Amino acid sequence: MAPAPSAASRIAVVTGASSGIGAATARQLAAAGYRVVLTARRKDRIEALAEEINAAGHRATAYQLDVTDRTAVDEFATAFKTIGVLVNNAGGALGADPVATGDPADWRAMYETNVIGTLNVTQALLPKLVASGDGTVVILSSTAGLGTYEGGAGYVAAKHGEHVLAETLRLEIVGQPVRVIEIAPGMVKTDEFALTRFGGDQEKASKVYEGVAEPLTADDVADTITWAVTRPHHVNVDLLVLRPRAQASNTKVHRELG
């Protein structure tokens with residue numbers, strides 16, 4: 001069992017907490033002793049999750065937030081003197097078109113959410129993390145941030161940007177009492193990721209996981225995030241890549257098809 005977080009660092013902010021990895025991470029950090037602050041655009045979802053976490057005997061607060069709205073992010077940050085953990089989870093993919101026909105609006109939206117959203121929240125809360133004396137920034141990137149694949153250039157570009165943001169921030173704040181952890185999952189099956197990517201087309205979304213016996217789950221990723229966050233204070237997990245056993249790379253996946 002990891003030791004309980006210190007009093008100065010018991011607040012954990014999780015962006016994109018309305019579903020999937022964000023919601024699972026909020027549950028697991030709350031169970032580990034953090035007071036979690038759930039942020040997302042869908043107010044009803046995070047309020048229901050906060051009620052669930054509080055009913056389980058833990059502590060959670062919901063705060064509706066669009067991470068791409070810098071004014072709203074700065075206002076949100078004023079609520080805290082210190083925080084211990086920031087999990088930059090908000091993001092996502094749109095479309096799977098080749099470069100030749102990709103929609104620039106989708107590319108822009110992915111960059112705004114994955115990169116600028118992460119930048120906004122990290123900049124606004126970094127002084128609060130430093131003030132805690134023991135802060136942790138988690139950036140949830142993707143194996144897409146480490147290698148490309150056909151039909152994924154817009155998402156890959158955004159996740160590469162997020163990966164570089166994490167790597168550079170770690171260089172720039174070395175010596176400050178803040179760790180920068182990057183978690184890069186491969187194939188994760190959640191209720192919404194692929195469905196959102198393909199505009200609600202369930203058939204296309206299902207084909208992503210077709211024949212894959214055990215893709216990662218949101219809980220698998222949340223467990224990894226919680227493990228990394230609860231390491232001793234001097235231990236920084238710079239980059240942790242996790243994939244299901246059936247996935248050897250972004251483009252090589254074992255599928256058991258009929």
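These legends accompany close-up views of a predicted model.

The model is predicted, with local features taken at pLDDT of at least 70, side-chain atom pairs at pLDDT 80 or more, and totals for chains, interfaces and linings over all residues. Residues are numbered from 1 along each chain as its sequence is written, and side-chain values use heavy atoms, with hydrogens and water left out.

**View 1. Helix 4 from end to end.** Helix 4 covers residues 104-131, a run of 28 residues; helices here are DSSP runs of H or I with at least four residues, strands are E runs with at least two, and numbering starts from the N terminus. From first C-alpha to last, helix 4 reaches 40 Å, close to the expected 40 Å (1.5 Å times one less than the number of residues). At its start, look for the side-chain oxygen of Asp103 that comes to within 2.9 Å of the backbone nitrogen of Ala105. After helix 4 comes Gly133, with a positive phi near 80°.

**View 2. The bend at Leu125.** Helix 4 bends here by about 45°, the angle between axes fitted to the seven residues ending at a residue and the seven starting there. Pro127 follows within four residues.

**View 3. Helix 3 beside helix 4.** Helix 3 (residues 70-77) packs against helix 4 at about 20°, with the axes 9 Å apart; axes are lines fitted to C-alpha atoms, for helices over the stretch in contact, and angles run from 0 to 180 degrees between N-to-C directions. The two helices are therefore roughly parallel (under 35 degrees; over 145 is roughly antiparallel, 65 to 115 roughly perpendicular, and the rest oblique). Helix 3 passes helix 4 in a right-handed crossing, meaning that the near helix is turned clockwise from the far one by less than a right angle. Residues in contact (heavy atoms within 4.5 Å) include Phe76 of helix 3 and Leu125 of helix 4.

**View 4. Helix 1 and its two neighbours in these views.** The axes of helix 1 (residues 20-31) and helix 8 (residues 218-229) come within 8 Å and cross at roughly 45°, so this pair is oblique. Among the residues making the contact are Ile21 and Leu29 of helix 1 and Val221 and Ile225 of helix 8. Helix 1 also packs with helix 2 (residues 43-55) at about 25°, with axes 10 Å apart, which makes the two roughly parallel. That contact is made by Ala23, Ala26, Arg27 and Ala30 of helix 1 with Leu49, Glu52 and Ile53 of helix 2.

**View 5. Around Ala153.** Ala153 sits in helix 5 (residues 153-172). Leaving aside residues up to four places away in sequence, Ala153 touches Val99 and Trp107. Gly102 is 51 residues from Ala153 in sequence, yet their C-alpha atoms are 8.6 Å apart.

Notes. Polar contact = N/O pair within 3.5 Å; in protein donor to acceptor, adjacent residues only side chain to side chain.
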